Structures are given as C-alpha cells and as structure tokens.
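Please look over the structure below.

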Amino acid sequence: MRVLLKATLDTEKANEAIRAGKLPEVISRTLDQLKPEAAYFGPLGGRRTALLVFDMQDSSELPPTGEPFLTELNAEVEVSPIMNADDLRKGLSQLG
C-alpha cells in the first residue's frame, strides 16, 4: 500500500543534529531504508518537515518506519494511506 509519511521535526533537536552534522546521515539512512518513490523537504507551519511517499507491504513495517525521526529528531510523525491518480481511478471504478 502506498503511504505518506509526514515527519515534522522538533526545531531544537534538528538544530542540534545540524550542528553535529548528523541530520544528513539520519535522512540518508531513512531514505535507504524506505526507498521512497518521492521525498520532499521544506518548512510547513514554520517547522522543518519531510514528506515521503513509499510502499508499505505490511502493517508490521510501521514501528521501524518512523523511528529515526522519533528517536533521533523528536519529530511528530504521521503515516497515512494515499493514492495516485491511477489508484483513484481504479478505486472509483469499483463503486458502481
């Protein structure tokens, strides 16, 4: 299932990670693990935010998915199922 992970980083923890040179390593390791089809980074609501779209095969993948953001950056993490246009067309065709 295609999912969207939104990680809103804690400003202080992110600042510490940047000063220590650790933030690029955390991001790189997470991208290597999740292999997202898309990854975007920028300020949302005034806070550093990562948006990652990737395929989750099983719900048991949920615990390790956001852990680097949670444990190393004290981020707020949300994971939501999402669809692309083809997925939406397929789903809507099943309605009637």
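## Packing of H2 and H3

In this predicted model, the axes of helix H2 (residues 23-34) and helix H3 (residues 62-73) come within 10 Å. They cross at roughly 170 degrees. An angle over 145 degrees counts as roughly antiparallel, so H2 runs roughly antiparallel to H3. Two packed helices are described by the angle between their axes and the distance between the axes.

Which residues make the contact between H2 and H3? From H2 come Leu23, Val26, Ile27, Arg29, Thr30, Gln33 and Leu34. H3 contributes Pro64, Thr65, Pro68, Phe69, Glu72 and Leu73. By class, eight residues of this contact are nonpolar, three are polar and two are charged.

## Helix H1: buried side and ends

Helix H1 spans residues 11-19. Its buried residues are Ala14, Asn15 and Ala17. They lie on the same side of H1, because the arc they cover around the axis is only 165 degrees. An α-helix has 3.6 residues a turn, so residues three or four places apart point the same way. The cover over the buried residues of H1 includes H2, H3 and strand S3 (47-55).

What caps the N-terminal end of H1? Asp10 does: one of its side-chain oxygens lies 3.3 Å from the backbone nitrogen of Glu12. After H1 comes Gly21. The phi of Gly21 is positive, near 75 degrees.

## Thr49 in strand S3

Strand S3 also holds Thr49. Is Thr49 buried or exposed? Its relative accessibility is 5%. Buried means under 20%, so Thr49 counts as buried.

The side chain of Thr49 reaches the backbone oxygen of Arg47 at 3.0 Å.

## Overall fold

The protein has four helices and four strands. Read from the N terminus, the order of elements is β-α-α-β-β-α-β-α. Along the principal axes, the C-alpha atoms fill a box of roughly 55 × 30 × 15 Å.

How many of the 96 residues count as buried? The share is 29%. Among contacts with a separation of 6 or more, 68% join residues 24 or more positions apart.

Key. Residues numbered from 1 in each chain as written. Predicted model: local features only at pLDDT ≥ 70, side-chain atom pairs only at ≥ 80, totals over all residues. Heavy atoms only, no water. Axes fitted to C-alpha atoms, helices over the stretch in contact; angles between N-to-C directions. Helix = DSSP H or I, 4+ residues; strand = E, 2+ residues; numbered from the N terminus. Parallel < 35°, antiparallel > 145°, perpendicular 65-115°, else oblique. Contact = heavy atoms within 4.5 Å. Nonpolar A, V, L, I, M, F, W, Y, C, P; charged D, E, K, R; others polar. Buried < 20%, exposed > 50% of the residue type's maximum accessible area, 1.4 Å probe, protein only. Arc of directions from axis to C-beta. Polar contact = N/O pair within 3.5 Å; in protein donor to acceptor, adjacent residues only side chain to side chain.
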